[in-house]
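Here's a quick walk through the model, topic by topic. Keep the structure open next to you as you read.

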Amino acid sequence: MTRLLGSYSLVVALGVSIFGAFALMLGARTKRTDLLRSGELALYAVWGLVTVATLSMVYALVAHDFSVKYVAMVGSRATPLFYTVISLWGALEGSILFWIFVLSCLSALVVYQNRHREGTLVPYAGGVLLLISVFFLILLVGPANPFSLVSPLPPDGPGPNPLLQNHPLMAVHPPLLYLGYVGMSVPFAFAIGAVLSGEIENDGWIRLTRRWTLLAWMFLAAAIVAGMWWSYEVLGWGGYWAWDPVENASFIPFLTATAFLHSVMVQERRGFLKLWNLNLIVATFALTILGTFLTRSGVLSSVHAFSEGPIGTYFLAFIAIVLVASFALVAGNSERLKPTGSLDAAVSRESVFLLNNLFLTAFTITVLVGTLFPLVAEAMRGVKISVGEPFFNRMTLPICAALLFLMGVGPALPWRVASREVMRRQLLPPTVGAAIALVVSFVIGVRSPYALAVFAFGAFALTANVREFLDGAAARRRAHGENPPVALARLIGANRRRYGGYIAHLGVLMFTLGVGASSTFRTEREATLRKGETMAIGKFTIRLDEVYSRREPQREVLAAGVTILRNGREVGRMEPRMNFYPTSDQPVPTPAVRSRPAGDLYLNLQAFAQDGSNATLRAIQEPLVPWIWTGGMIVVLGALVSLGGGKRELATVPAKVRVAPSPGHAPVPLEPASLGQASIRQASLEEGAR
Amino acid sequence: MMRILTVLTAAAVVLASHPLSAQTPAQRAPAAQPDSALEAMTTRLASELRCPVCQGNSIQDSPSELAQQMRDVIRDQLRSGKTPDEVRAYFVDKYGEWILLAPRAEGLNLIVYLVPFAAVLLGGLVVWRTVRKWTAAPPSSTADTPPG
Amino acid sequence: MNWKRATITTGLILPVIGLLAFGLTTDPKMIDSPLPGKPAPEFALSVFAPGEGQLARNVGDTVRLAAHRGGIVVLNFWASWCLQCRDEHQDLSNAARAYYDKGVRFYGVLYNDQEPFGLKWINEMGGQAYPSLLDPRTRTAIDYGLYGVPETFLVTADGRVAYKHIGPISERLLSQKLDSLLRAGASAP
C-alpha cells in the first residue's frame, strides 16, 4: 500500500512537472496568465506529491516493509529507530528521493515568496526548477526506483551501510550537503530566468539571487565541516580531509559560490562583473551536478563511492544538457551585459575583490583539474594514476596564503579609492600582527615556508578584521555613549551584511588556525600493550586496563578500556572500539576522542589479541582540532547575520553615515553614486514589484 | 547470528595476526625511535604512497594492516641503504604509477602542475587589464571582462 | 542571441563531456598490475599445510620459485578471514589435481593470517589439494603488488608473470588460461 502510494506519487509528479515546466515557460513567453497560473499550481502539486512519496518511504522504513526495494536494501529490524529514519539518505535511491524532496520544497518556497513579483523572471525560474525536477523524477521512476516490489518478501534486511550507521553526524552531514547542493539550483534558475526574461539587463535579479546563494553557501559550508568532523570521528586515522574526489566535489562549488558572494558586491555597488557573476552562478550549479555525478557514478575511485549502475549515463546526459544549454545561453546573451559604472582608482576595495576572485578561480581550477586528471591520464596514456593529498597540499597552500592576505587587505581598504595615507594607516596594524605571528611561529618550531606564510597572513587578516569591529564599536561609543558590548551589538545589527561577512572571516581564520596547528604539530605513537602496561604521548600516559566485547542489537562491539594519566594522576577514561556489523567483513573503527580547546587526544584501536590479553593502540595528539569545528560554526553564524540584513540596509544610508567611524578610515557609506545610475533607475521598478 | 559470529571470528583473526601483537611493547618501543632521520624519511615516503586497500589514504595515514607492513618495507629498504627514489621505484614496479599520490612531474602529468600557474598568470593579466580599462575609459564603451 | 558565441562555447564544453563519458567506461577499482610480462618476484617460503596425495609437500619444506623453471606455477593468495576465498577454494583444488600431470604446480600463500587459523580453515573446507605457504610480514604479497585477497598469479615456465586475477577464480577460467599457456610453451622450442 505504502509502496504503491509512493511509486504512483512519483509517476504523477513526473507528469505534472513536465506539464508545469512547459506551462510556465510558454506562459512567460506568451504572457498568458492562465498558463502561468496553472504552471504555478503544478509546481505546488509536485511539491505535495514528492512530499507524499518521501513520507511513504520514511513510513516504509520505520514499519520495516521489506516488500519495498529500498527498505530491503538498507533496512533491518535490529537497527535503532534513529538510524532507520536517516537511512533515507544512506544509499543511492533514497538519497535521490531526498534530493528531489529538498528541491521541490525550495522550488515551492521560491515561487510562493515571489508570487507578487511582476515580470517573467520567477515563472521562468520556476520552469527551470521544474525541468531539474523532471530529471531527478525520471531517475526515480526509472533506474533508481526505490519503491520497486521485492518478491518473495524477505524476513529482514541487511541494515544501512556500517560506516553510515556508526555515528550520529551522519544525520547532519548529508541533509546539509543536499540543502547546499540543491540550494544552488535556485540561483541558477534565477540566472537562467533573468536571461530568458530579459531582466538580465537590470540589477534586481542579482539581489534576489545573492541571498539564495548565501543561504545555499551557508549550508554547503556547514556540510563540508560536518563531513570533516564525521570522517575524523569515524575513519580512525585522526585526519579530517584527504582531498578525496568526493570531498573535492563538495568543495569546488563552494569555492565558486564564495567567489560569487564577493564579486557580487562589485556588481551591486559598481555595476561591473555582470557577465562574470552570471558565469559563476551557472558554474556553481554545474559543479554541484558534476559533484553528484562523481559521487554516484563511481567514475573516480573514492572511499565514499556509492554503487554504480546505469544511473551514470543518465547523469552524463543531464550534465551535458545543463552545461551546453546554460553556458551557450549565457554566451549568446553576453553582449547584453555591459558595465554601468566606472572605477575611480586601481587601489581600492574593488580591485581586492577582483584579486580575490582571481585566486578563488585558480583554487577552483587547481582542485577541479587535479580531481579529473586521473581520467585525462587514463584516456590519453591508458595508465591509472593518482592525484592525492601531497599534490593538493603543495599546490593549494600558496593560494590559501594569498587569499588570507587579501582577506586582510579587503576590509582594510575603502571602496572607490585608497590614498597612500589611508593605506599606511590601515595596513600598518595588520602588518605588525603578521610580523608577530611570523616570529612566534618560527620560535615554536614552524619551518615550512608555506606554513609560515599561512600563519603570518592569517594573523594579518585577523588583525584587519578585528579592527573593523573595534573601530566601529569605538565610533559608536563616542557617538552614542553606549558601553562596549552594546555598541558592538548595535554596530553589527545596523550593518548586518557587512559585519556578517567579517564574522565569517573570523570563522575562516579560526578554522585555518585549527587546520594549520593540528597538521603541523601532530604527534603520533603506536604500541601494543598488555593489560596494565602504559605508553606515553606528549604529557599523557595511556594505560590499557582491559579488552572486552559486548553485543548490541545491530552490532558486536569490541573495546579497549583505557585510563589517561597526567603526572601520574588519573584524568579520564577512554574507550576506543571496533564495531562489527553483519554486512561487512571489515570492522568499523570507532576511535575515542578526548577533546579540549587546546587540542585532542585521539585513540584508535588498531588490533587486539583474540584472547583479550593485549591491544594495539594508535595515539595521536593534535592541537586545536576543536577550533576547526568552532570556526565552521562561526562561518555559519556570519552567514546567518548577513542573511538578516540586505534590503533594509540599502535603505538606511543615513544610519550608516552616522556610524562611519574613525576619521580617514571611511567604510564608505552607500552614497547614491556608488549604487550606480542603473540601480537608481530600477529602484522604483523593483521595490514596487516587491 | 551465525554470520555475525563467522565474520567476527574472521576479523578477530586478522587483527590477532597483527605482526606486532607477537612482540612485547618492550621490544617495540626502542624499535619505534632508534633513528629519527630514518623515521622521518619513512614517514615522508609513506605519506607519498597510496594505500592499496583503502584507496583514498596514504599508507602513512591508513590504519590498515597492509599499510603498516608497507611502512615496514619502506623502513627496511631505507635501512638497507636504498635511496628514497629506489624505494618509490620499488612500489611503482609492484603497484604501478597509481601508488604515487602526487603524480611524477613529467610528460602529460605536467598539465596538472602547470595549469594552476597558468590560471594565476593569465587571470592576473586579465585582472590588470580590466582594472586599467575601468579606471581609464568611460564605462559605456567597455565590455565586461571576467577576471579569471 | 549571438549564435556564434553560443556555438563556440558549446565546442569548448564538448571535450569535458567526452572526458566524463570516457570515465563511465572505466572502472577505477580495476588497476592494471604492472607485473604481467615481467619476471615473477622470487620467493622462498615454508610449507605449513601439506596438500594431498601426490601433490603433497612436507610441512616445513622451503618452496622456491627459482626451483620451478620449466613448469608453470599458480600462486593463490588467500586468508581464513576472507569470505570470497571460500567461493574459489574447490575450483582451485580441482584444477590443481587436473593439471598436476602437465607439470603445473599450485601453491596457496597465506595472507595476513596465522598458521593455526589457516589449518583450521582448510580442515573446515574439506581439505586443500595443493600445499600452502606462510608469508611472514607479508613481504611476498607486497612483492606481488597485492591489493587484497583472493588474488591468483600464473607464472610461466621461464619465470614470468603471465596473468593476474583479482577476486575468486573459476575452474573454467583457470583451465582456459593454463591450456593456452601450455600450448604456447609446447609450440615454443
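Domain bounds, which we need for a spacing in a moment, come from an automatic or database domain assignment. Bear in mind that this is a predicted model. For chain B, that assignment gives domain 1 (34–101) and domain 2 (104–132). Taken over C-alpha atoms, the centres of domain 1 and domain 2 of chain B sit 32 Å apart.

**Chain B: make-up and confidence**

- Chain B is built from six helices and zero strands, so to speak an α-α-α-α-α-α run when read from the N terminus.
- Of the 148 residues in chain B, 43% are buried.
- Looking at contacts in chain B with a separation of 6 or more, 43% of them link residues 24 or more positions apart.
- The mean pLDDT of chain B is 75, and 68% of its residues score at least 70.
- Residues 1–33 of chain B have a pLDDT below 50, yet the model gives this stretch 56 contacts beyond near neighbours in sequence.
- Which elements of chain B mark the two ends of the confidence range? Helix 2 (residues 25–32) of chain B has the lowest mean pLDDT, at 38, while helix 5 (residues 84–95) of chain B has the highest, at 95.

**The nonpolar core**

- The largest nonpolar core holds 314 residues, and the members touching the most others are Ile100(A), Ala221(A), Phe359(A) and Phe457(A).
- Helix 9 (residues 204–234) of chain A puts in the largest share of this core, with 21 residues.
- Chain B takes part as well: domain 1 (34–101) and domain 2 (104–132) of chain B both give residues to this core, so it lies between them.
- What does Phe457(A) touch once its neighbours within four places in sequence are left aside? Its contacts are Ala401(A), Leu404(A), Phe405(A), Gly408(A) and Ala434(A).

**Where chains meet**

- Chain C brings 17 residues to its contact with chain B, and chain B brings 20 residues.
- On the chain C side of that contact, six residues are nonpolar, seven are polar and four are charged.
- Over in chain A, Gly332(A) is part of helix 12 (residues 311–332) of chain A.
- Is Gly332(A) buried or exposed? Gly332(A) counts as buried because it has 20 C-beta neighbours inside 10 Å, and 20 or more is the cut-off for that label.
- Setting aside neighbours within four places in sequence, Gly332(A) contacts residues of chain C: Met1(C), Asn2(C), Trp3(C), Arg5(C) and Ala6(C).
- Gly332(A) and Gly500(A) are 168 residues apart along the chain, with 36 Å between their C-alpha atoms.

**Strands in chain C**

- Strand 3 (residues 73–78) of chain C has six of its six residues buried, so it's largely enclosed by the rest of the structure.
- Both faces of strand 3 of chain C are covered, with Val73(C), Leu75(C) and Phe77(C) buried on one side and Val74(C), Asn76(C) and Trp78(C) buried on the other.
- Strand 3 of chain C runs parallel to strand 4 (residues 105–110) of chain C, and six bridges join them.
- One pair to look for is Trp78(C) with its bridge partner Leu110(C) in strand 4 of chain C.
- Strand 6 (residues 151–155) and strand 7 (residues 161–166) of chain C pair antiparallel over five bridges, with Thr152(C) opposite His165(C).
- The hairpin of strand 6 and strand 7 of chain C has five residues between the strands, and Gly159(C) there takes a positive phi near 80°.

**Strands in chain A**

- Strand 2 (residues 534–537) and strand 3 (residues 540–552) of chain A are antiparallel partners over four bridges, and Met535(A) has Ile542(A) as its bridge partner.
- Two residues lie between the strands in that hairpin, where Gly538(A) takes a positive phi near 55°.
- Strand 3 of chain A also pairs antiparallel with strand 4 (residues 555–566) of chain A, over 12 bridges.
- In that pairing Tyr548(A) stands opposite Ala559(A), and a hairpin of two residues joins strand 3 of chain A to strand 4 of chain A.

Notes: Residues are numbered from 1 along each chain as its sequence is written. Chains are lettered from A and ligands numbered from 1 in the order in which they are written. This is a predicted model: local features need pLDDT of at least 70, side-chain atom pairs count only at pLDDT 80 or more; totals for chains, interfaces and linings use all residues. pLDDT is the predictor's confidence in each residue, from 0 to 100. Two residues are in contact if their C-beta atoms, placed from the backbone, lie within 7 Å. A nonpolar core is a set of buried Ala, Val, Leu, Ile, Met, Phe, Trp, Tyr and Cys residues joined through C-beta atoms within 7 Å. A residue is buried if 20 or more other C-beta atoms lie within 10 Å of its own, exposed if 12 or fewer, and partly exposed in between; C-beta atoms are placed from the backbone. Ala, Val, Leu, Ile, Met, Phe, Trp, Tyr, Cys and Pro count as nonpolar, Asp, Glu, Lys and Arg as charged, and the others, Gly among them, as polar. Two strands pair if DSSP finds at least two bridges between them.
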